[in-house]
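Hi,

Here is the structure I said I would pass on.

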Protein chains: 2
Amino acid sequence: MRSRDTRGQQAMARSKRRSICPVACALDLFGDRWTLLVIRDMACGKALFKEFSASPERIATNILADRLERLVKGGLAEPFDPPHGGGRSGYRLTAKGRSLLPVLSAIADWGLAHIRGTEARLRPAGS
Amino acid sequence: MRSRDTRGQQAMARSKRRSICPVACALDLFGDRWTLLVIRDMACGKALFKEFSASPERIATNILADRLERLVKGGLAEPFDPPHGGGRSGYRLTAKGRSLLPVLSAIADWGLAHIRGTEARLRPAGS
DNA sequence: GATAACGCTTGCATTATGCAAGTGACAAAG
DNA sequence: CTTTGTCACTTGCATAATGCAAGCGTTATC
C-alpha cells in the first residue's frame, strides 16, 4: 500500500514543480539524505537489496524500498538480472543515473576537504 | 524554542555521524530540499531574509530561519551588515560555503540536461 | 502616534523517517 | 517433503520534519 501510492514531497514535486530552477527540480529527485547514497552504492557496483542494506549508514529497509522504487520510476536506475544474484533481481544505474556521478564526485570532494574524519573508501566501479 | 534546541536528523548526524563517507556526512549538512536553494540564493547575491523568502520556491519562513541558523552554525554562512539592508542583518557565504559552488554547479548542469522545462535563470553573482 | 514592512516565532495538521516485526518466495538441508 | 534459513520487501507505530497561517516585537515611514 505504502509503496504503491506514496505521494510525498518528491513524487508531488514531479507533477507540481516548485520552480523552473534546475537545482530545485533536481533536489526534488535526489535532495534527501538517502537517495544519493543508494546511487553511490550502485556506482560502486552494488546491485542487490541486501548490499545496499549492508552499507555503513544502515538505511531502513522501508526507506530503501521506497528509494529504489523512486529511482526506477525517475529513470535513474533499472532492475536487471545479476549474474551472481541467486535469482534475485538487482538494480543498476541507467545512463541518466550515471550522469549524476559528477554531482556525487563534487559532493565527495567537498566532504573530504571540509569534514574531518571522512575517507574516500568507496570509489565508483570501473574508474 | 524551536530554533534553539532543534535536534533533528541533521543536527544529530553532526554529533553521531552515520559513517566516514564524505558523501553521507555532506548530505547530513545540506542533504535536504531547501539548504542548497538558500546557498544558491546567497551565491546569486541575495542576503536578506525577505529576499530568500521571495524566491520562486516559496520556502516557509520557519524553515528559512532554521536553515539560516544551521548554515551559520555549520560555518557555511555568516551574518553581516549589508550596505542597503535598512538596518537589517544580512547573510552571506563564507569561504567554506563558497566552496560548495562546484556542487551547486554540477547539480544545475545535471538538472538542465535531464529535466525538461528548467532554465538557468539564476547565476552566481560575480561570475 | 499610526501604519506598515521586516525578521522571525508559534501552533497545528500533514508527511517523512526510524525501528522492529512480519510476510511470502525461494533454496538448501535433512 | 518438511524444516530451516535467507532474501526482498511490507506493515505498524512512534517520532521528527515540513507546510501553512497567524502572531509578535522591532524598525522605518508617514
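A word on terms before the fold: helices (H or I, at least four residues) and strands (E, at least two) are DSSP runs, numbered from the N terminus. On that basis chain A reads α-α-α-α-α-α-β-β-α-α along the sequence, with eight helices and two strands.

Some housekeeping. This is a predicted model, in which local features need pLDDT of at least 70 and side-chain atom pairs count only at pLDDT 80 or more, while totals for chains, interfaces and linings use all residues. Residues are numbered from 1 along each chain as its sequence is written, and chains are lettered from A and ligands numbered from 1 in the order in which they are written.

On confidence, pLDDT is the predictor's own score for each residue, from 0 to 100. Chain A averages 86, and 83% of its residues reach 70 or more. Helix H4 (residues 35-43) of chain A has the highest mean, 98, and helix H1 (residues 2-5) of chain A the lowest, 36. Over residues 1-14 of chain A the pLDDT stays under 50. Where pLDDT is low, the predicted coordinates should not be read in detail.

Now the two strands of chain A. Strand E1 (residues 77-80) and E2(A) run antiparallel and are paired over four bridges (pairing takes at least two DSSP bridges between the strands). Phe80(A) has Gly90(A) of E2(A) as its bridge partner. Gly90(A) sits with Arg92(A) on the uncovered face of strand E2 (residues 90-93), whereas Tyr91(A) and Leu93(A) form the covered one.

How are the two chains related? A 180° rotation with 0.0 Å of shift along its axis puts chain B on chain A at an RMSD of 0.0 Å (least squares on the C-alpha atoms of residues with pLDDT of at least 70 in both). The copies are therefore related as by a two-fold rotation axis. The same surface serves both, as 100% of the contact residues of chain B recur in chain A.

Which residue of chain B comes closest to the rotation axis? That is Asp32(B), with its C-alpha at 2.3 Å. Asp32(B) lies in the loop between H3 and H4 of chain B and counts as buried because it has 20 C-beta neighbours inside 10 Å. (Buried means 20 or more other C-beta atoms within 10 Å, exposed 12 or fewer, partly exposed in between, with C-beta atoms placed from the backbone.) Leaving out residues up to four places away in sequence, Asp32(B) touches Gly31(A) and Asp32(A); contact here means C-beta atoms, placed from the backbone, within 7 Å.

The interface takes 41 residues from chain A and 40 residues from chain B. On the chain B side, helix H3 (22-30), helix H4 (35-43) and helix H8 (101-114) each give two or more residues, and H8(B) gives the most, with 11 residues.

Finally, the core. The largest nonpolar core has 58 residues, and those touching the most other members are Val23(A), Ile39(A), Leu104(A), Val23(B), Ile39(B) and Leu104(B). (A nonpolar core is a set of buried Ala, Val, Leu, Ile, Met, Phe, Trp, Tyr and Cys residues joined through C-beta atoms within 7 Å.) Not counting residues up to four places away in sequence, Leu104(A) touches Leu36(A), Ile39(A), Arg40(A), Ala43(A) and, from the other chain, Val23(B).

Cheers

Key: Two residues are in contact if their C-beta atoms, placed from the backbone, lie within 7 Å.
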